[in-house]
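Try each task before you read its solution.

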Amino acid sequence: MHGVEDILIQRKAEPLHFAVSSRLNDVGEYYFSKKLRQIEELNRAGKNVINLGIGSPDLPPHPDVIKTLKIESGKPNTHAYQNYKGNIILRQSIADWYKKWYAVDMDPENEILPLIGSKEGIMHICMTYVDTDTLVLIPNPGYPTYQSAAQIAGAKINTYHLTKENNWFPDFGELEKIISDHRAGNHQSRVILFVNYPQMPTGKLPDKALFENIVQFAILHRVLICHDNPYSFILNNEPMSMLSVPGAKDVVIELNSLSKSHNMAGWRVGMMVANKQRIDDVVRFKSNMDSGMFLPVQLAAATALQLGEDWFKQLNTIYHERRERVFNILDKLQCTYDDKQAGLFVWAAIPADYKDGYALSDNVLDNSSVFITPGGIFGSAGNRYIRISLCSTEQKLDEALARISLLKDQTS
């Protein structure tokens, strides 16, 4: 037997190598996680980078929301573990919110599941329904988390293409062929289709016909739809839920969030809305992974959901002014864009003299200390695009325009 000191010396000489799970082989660190470190290093070097990349609202929640959090946090009986399905006050508020804004009736007892952010819900859905023969269809371009969550869960993944020529709507012929090819050897194989409207990153708004077509397609082809819906109130006067379509509850799980609509990104308050069976299925997984969120946060979220139309008008007035300034930046970069986009970003096609969006983004960061997101991080269909966030003050956007204007003047 070796002594303890001998073992410790040996371990220091030969550090233990413990490989990560194979499920992470094709999952890299999230792009923005890496980019924020680079920006932090540039700032330490005195660059003072203006970050126009990430959609994290810089505005505060309504004062009544913060007041509720303070009051409830001061009570001695609000600090215990919470119900895995969320407090009934929050669930009722979500049901009322869906009725008021989306004209959708949901049962707060059985059809609503509060989440610690809707990003959590994406992973919960994948871990609940994905087996090794499950096909998960991911939009290209689309939110990268759809693919990483499906990969971690072990799904078979296929992308479907969204194009400007097709209004950034799915090509149902392409989807039908992908599903048919997949099921050629197993007609019972499950299929999950991720969709997201208003679409991120393109900002494309849905219409009623699109939602009806998606639901009808899902019913016909036995597909489970995961509709990610966090942007429906931003620069959009007609918020829509896919669950408003007749028959949607049979095939649709909808995710929603207070992060963008109520300036509560760091609070991590989201929701899953679906029929009772879907909620029960996901709770089987979720209840083994986490507990209910802090009760004062739930009660503050309920306060937020009770805000009226004035809240959204005030918010969108600010975002409208910011979007006009982003348009000025894009004009200076000679990009082209749709001026009717919704959501917290502006999606724009780059000029022909850049290889791709990464090249334009790197050029602007290196020479103007302004970070703009390259569209390629959202899939190959985004390679000729960039995306700019509206989550910066008008003053910062004006300064970004001035820096970029100086760069363009020097290179012209």
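The model is predicted, with local features needing pLDDT of at least 70 and side-chain atom pairs counting only at pLDDT 80 or more, while totals for chains, interfaces and linings use all residues. Residues are numbered from 1 along each chain as its sequence is written, and side-chain values use heavy atoms, leaving out hydrogens and water.

**Exercise 1.** Work out the strand order of the open seven-stranded sheet, and find a helix that packs on it.

*Solution.* Start with the strands (DSSP runs of E, at least two residues; helices are H or I runs of at least four, both numbered from the N terminus). Two of them pair if DSSP finds at least two bridges between them. The order reads β2-β8-β7-β6-β5-β3-β4, with mixed pairing. At the edges, β2 (112-115) and β4 (156-161) each pair on one side only. Next, check β3 (residues 135-140): six bridges join it to β4, and the two run parallel.

**Exercise 2.** Classify the aromatic pair of W347 and F378.

*Solution.* Rings of Phe, Tyr and Trp (its six-membered ring) pair if their centres lie within 6.5 Å; planes under 30 degrees apart are stacked, over 60 edge-to-face, the rest tilted. Here the centres are 6.1 Å apart with 70 degrees between the planes, so the pair is edge-to-face. Then place the partners: W347 is in strand β10 (residues 345-349) and F378 in the loop between β12 (373-374) and β13 (385-389), 31 residues apart. Both W347 and F378 are buried, meaning under 20% relative accessible area with a 1.4 Å probe, protein chains only (exposed is over 50%, partly exposed in between).
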